[in-house]
Amino acid sequence: MTVYFHMKTTPNLFVVLLAISSIRVLGCTRVGFYEKTCPRAEIIVQDVVKSAVKANYTYAPGLLRMFFHDCFVRGCDASILLNGPSTEQTATPNSHLRGFEVINRAKTMLENECPGVVSCADILALAARDAVIQTGGTFWEVPTGRRDGLVSLKSEAEDLPSSRTPAEDQIKIFAKKGLNTEDLVTLAGGHTIGTAACARFTDRLYNYKNNHGPDPDIDQVLLLHLQTLCPHNGDHGTRVALDTGSVNSFDNSYYENVRAGRGVLESDSELWTDPRTQRFVQQFLGDKKNHELKFTKKFGRAMVKLGNVEVKTGNEGEIRRVCNKIN
Ligand code: HEM
């Protein structure tokens, strides 16, 4: 870039340099960003995720959720990966996140292969896709070129939606990130894999909205099942499948459960109770083969949208050398 100044208006050199150095060069994410600079980047991430999930299935839901929680706080910039006394990781909604070691492993391998090139934010986006594939989801291309953020604050992560967030607020929270109601319902389908701690829903089993009894809308069979797994004064850390009956496979049965009052979290049940979200749940119900494909394809598209939330590109942020601390 060439900058011309008229002699009379030439500002002091320091100010000029300062202005030029603070110009934000913005880019955008695109498929194949590392094609030339690190051609094996995607394969390396895929291999690491594949062997991690094979050894321990819980990494798959862990990585998917970690990506969501990263993108909703300061955008998809790997701020969730930063260690420290009051970083996002220490916020209550992030207390059970898992998969950090998988990302770190991939980063170490990528730094050996092409140092300083692949961002942690991209590794997380690719890992989330690969985790879904490992559980039976449909492949989607992940645009890359994200840069890593420099800031991570516990206080900002405390606002992530919780198991008690009503549909109306879920819609608003997603809209603030540029995601519509269909995106919300589609992405909530991520609950087709993984588990929740009893603590997230025991109120529904024993004292729903201070009624000294269970949530009247919960299916009776599910209620007994959950009460057995999560006794009244039992261990609130016990984990229970979010998609009863098919927790290990990325299919559309989550939506069947939501319709039947078998959503484990109140936030899941809400998607059926509220007509604005119910109509999108409905599109994933019915004849298994077609609707499953519809869901998994739409899920990939919605993940691309999620992956573009407030991304840093160009010369913003940095490419971290290790994912858990800034350079
Ligand atoms: C308003 C929306 C959402 C709410 C209120 C919500 C809430 C929750 C809660 C409370 C848990 C249980 C956490 C625990 O006990 O450790 C959970 C788990 C999970 N969530 Fe969500 N979630 C939402 C959206 C999403 C989205 C958009 C995704 C992914 C695209 C996602 C993926 C997951 C996964 C995979 C798990 C299982 C984690 C594991 O097994 O380690 N969730 N969610």
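Okay, some ground rules. Residues are numbered from 1 along each chain as its sequence is written, and side-chain values use heavy atoms, with hydrogens and water left out. Since the model is predicted, local features need pLDDT of at least 70 and side-chain atom pairs count only at pLDDT 80 or more, while totals for chains, interfaces and linings use all residues.

Let's start with the open space. A pocket here is an open set of points on a 1 Å grid over the protein atoms alone, with protein on both sides within 12 Å along at least five of seven lines, and lining residues have an atom within 4 Å of a point. How big is the volume of the largest pocket? About 820 Å³, where a volume is the space filled by probe spheres set on the points, and points are joined across faces, edges and corners. Its lining has 41 residues, and Arg 65, Phe 68, His 69, His 191 and Leu 265 lie nearest the centre. By class, that lining divides into 21 nonpolar, 13 polar and 7 charged residues. Nonpolar covers Ala, Val, Leu, Ile, Met, Phe, Trp, Tyr, Cys and Pro, charged covers Asp, Glu, Lys and Arg, and the others, Gly among them, are polar. Helix α3 gives the largest share of the lining, 6 residues. Helices (H or I, at least four residues) and strands (E, at least two) are DSSP runs numbered from the N terminus.

Now back to His 191, one of those residues nearest the pocket centre. Its NE2 is the single protein donor to the iron atom of the ligand, 2.1 Å away. A donor is an N, O or S atom within 2.8 Å of the metal (3.2 Å for Na, K and Ca), and water is not among the atoms, so sites may look incomplete. His 191 sits in the loop between α8 (181-188) and β1 (195-197).

A cavity is a set of points where a 1.4 Å probe fits but cannot get out.

Next, helix α7, residues 167-176. Which of its residues are buried? Ala 167, Gln 170, Ile 171 and Phe 174, with buried meaning under 20% relative accessible area, exposed over 50%, and partly exposed in between (1.4 Å probe, protein chains only). Looking down the axis of α7, these buried residues fall within an arc of 100°, so they line one face of the helix; the arc is that of the directions from the helix axis to the C-beta atoms. They pack against α3, α8, α12 (266-273) and α13 (275-282), with contact meaning heavy atoms within 4.5 Å.

Most residues other than glycine have a negative phi. Arg 74, though, has a positive phi near 65°, and Arg 74 is partly exposed at 30% relative accessibility. His 212 has a positive phi of about 60°, and His 212 is exposed, at 71%. Both sit in loops: Arg 74 between α3 (59-71) and α4 (100-113), His 212 between α9 (202-206) and α10 (220-229).
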